[in-house]
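Here are a few notes to read with the model open beside you.

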Amino acid sequence: MKYTYLSLLISSLLLLPTTASYAETELTIKGVEGKAEDNISAYLSSIKEDQYSVSLRFQSQLETNIRDALKALGYYNPDITFTVEGEASEEDNELIVQIDKGVPSIIYISDIDIKGEAAADKDFIRLIDNSKLNLGQVLNHGHYESLKSAMRNLALQKGYFDGQFFDARLQVSPQRNQAFIHLHYQSGPRYLFGNTSIKGSQIEDPRVRSLLPYKEGDPYQSVSVGLLNQNLSSTEWFSSVSVQPDLEHSGKTKKLPMKVNLEPQTKNQIETGLGYSTDVGPRGKLSWKKPWLNKYGHSTGASVMLSSPEKTFIANYKIPLVDVLHDYYLVQYGFKDENENDTDSQEQNLSFERHWLYDDGWHRSIYVRLLYEDYVQASESGHSLFALPGISFSRVRTRGTSGMPMWGDKQSIKVEYGDPAVLSDTRVLRVIGHTGWVRGAGENHRFLTRLDAGGTFAEDWDKVPPSLRFFVGGINSLRGYGYEDISPENSEGELEGGAYMATSSFEYQYRITGNWWWATFADFGDAWTDTPQWKTGLGMGLRWGSPVGPVRLDFAYGQNADKGDQFKIHFTLGPEL
């Protein structure tokens, strides 16, 4: 490794007291690599640039820093030599430092002992086993300090609040190249969760207490305190949440009372949003929500979304059950007016839903959806009524807090069935599935894949309305084509909608700098009734992991698009999965 700095030589040494000359010094350090090289670089960074020279005083300072850097890694007897190439009076000179680390100090005694209840705690045992402070290992001061810090932190996390070290020594014999570690810790008893007091809640006590992730008498864990805080915030019932252990009133039983202070959320919330996608143009959204209506935690809300091809209104009423985060009923009404391509449809839905959220991340719902639709689809027109009981499963997982995580996946499947015996115009079975993955390689490479597929199996296809048929195309479907402008066509070239659809995407991203990524992709798919005619979209794009989510700009070429309409620019803001 090399360092180049400007060293000021006092001209009085040349008998010119009023004149200064400058010599550029190149510092070369040889004989070390890996962690030793990195640690020496860190120690030398404390020396200012204008202090580098070939003087004996600087060499002494340099040697002290290098020895300290090597001691931290267990090398107490290094051999360090200096060589100067060039003269101090010349414009350029080089200071070469040759280092022989010598024999490392080996841990000869590793006396690590835990007394108290933590002696049988698996997390403490695992921590010591992974400490790299066992007999015969090379001494590293950082490992010793890290173990002490980790033991303190683990004690606080698991409720050993009386724990303390009564012997903590690291001794080294440089002459024998041996290290002696004595680390004795007394954990004391582990505290337990005591009674939880809840103040300031406008929701009845049993429903709030269903959010507690622990029971009175369970061993204390800070992660449970954090989870309770998260659970209370997730309900959206409270504007302020505070969860604190009361250490002053634990008593001789070592039961730790928990204090929960809450403040009700405002009764009405209004949100507005504006967006733009080249697929549908400008979009606007207005939402209203009452996060709590009564002491049972019921909530309601409505939203209006407007764009050129679609106008949508949705209203809902949510009824949480005893386990308020995992079980609830939802009643929802929706109206959509769509006028795009060869579709002119007014669709109304009223659904009654039962939801379960499982600890493994899966979300299950069972529902009955009443669908009424007036429509004109190409040369077809009519109105439809369907009662569609259904079931759905979905799960989304990501790792990390970034808007563009390096690992994630999403799966969902939905099945609906309608029968003429119960209101439906014709017997119909509809199945839709989705899966997608994000995987990173190192820090600068991301791979995304996505597969969507669906089918509508109907006894009388002519009675199936547009909302139960399939159209593909656009940024979240098949890039290089217009929004939902791919489907089977009639004899006049008008879109009829397909009985089946399948689309897939393969994308590679490379980090340009920071949260900016360059992407290349290939999309494949079609919507069909008899035989698929697979379409391909290829392109490149730019990704930005913005504070409000990924921003995507794509330049796509539809290989099977009509001539003169092959190039599309897609721009949108939203999650990738």
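1. A term to have ready: a crossing is called right-handed if the near helix is turned clockwise from the far one by less than a right angle, and left-handed if the turn is anticlockwise. Keep in mind that this is a predicted model.

2. Now try that on helix 1 and helix 2: helix 1 passes helix 2 in a right-handed crossing. Their axes, for residues 34–44 and residues 56–71, come within 9 Å and cross at roughly 135°. Angles over 145 degrees would count as roughly antiparallel and those of 65 to 115 as roughly perpendicular, so helix 1 and helix 2 are oblique to each other.

3. Which residues make the contact? From helix 1 come Ala36, Asn39, Ile40, Tyr43 and Leu44. Helix 2 answers with Leu62, Asn65, Ile66, Asp68, Ala69 and Leu70.

4. Next, have a look at the largest nonpolar core, which has 23 residues. Leu232, Phe238, Val243 and Leu262 have the most contacts inside it. Two or more residues each come from strand 8 (192–199), helix 6 (222–234), strand 9 (238–245) and strand 10 (255–264). Strand 10 gives the largest share, 4 residues.

5. Where does this core lie? Domain 3 (192–264) and domain 4 (269–573) both give residues to this core, so it lies between them.

Terms used:
Residues are numbered from 1 along each chain as its sequence is written. This is a predicted model: local features need pLDDT of at least 70, side-chain atom pairs count only at pLDDT 80 or more; totals for chains, interfaces and linings use all residues. Side-chain values use heavy atoms; hydrogens and water are left out. A nonpolar core is a set of buried Ala, Val, Leu, Ile, Met, Phe, Trp, Tyr and Cys residues joined through side-chain atoms within 4.5 Å. Buried means under 20% relative accessible area, exposed over 50%, partly exposed in between (1.4 Å probe, protein chains only). Domain bounds come from an automatic or database domain assignment. Axes are lines fitted to C-alpha atoms, for helices over the stretch in contact, and angles run from 0 to 180 degrees between N-to-C directions. Angles under 35 degrees count as roughly parallel, over 145 as roughly antiparallel, 65 to 115 as roughly perpendicular and the rest as oblique. Contact means heavy atoms within 4.5 Å.
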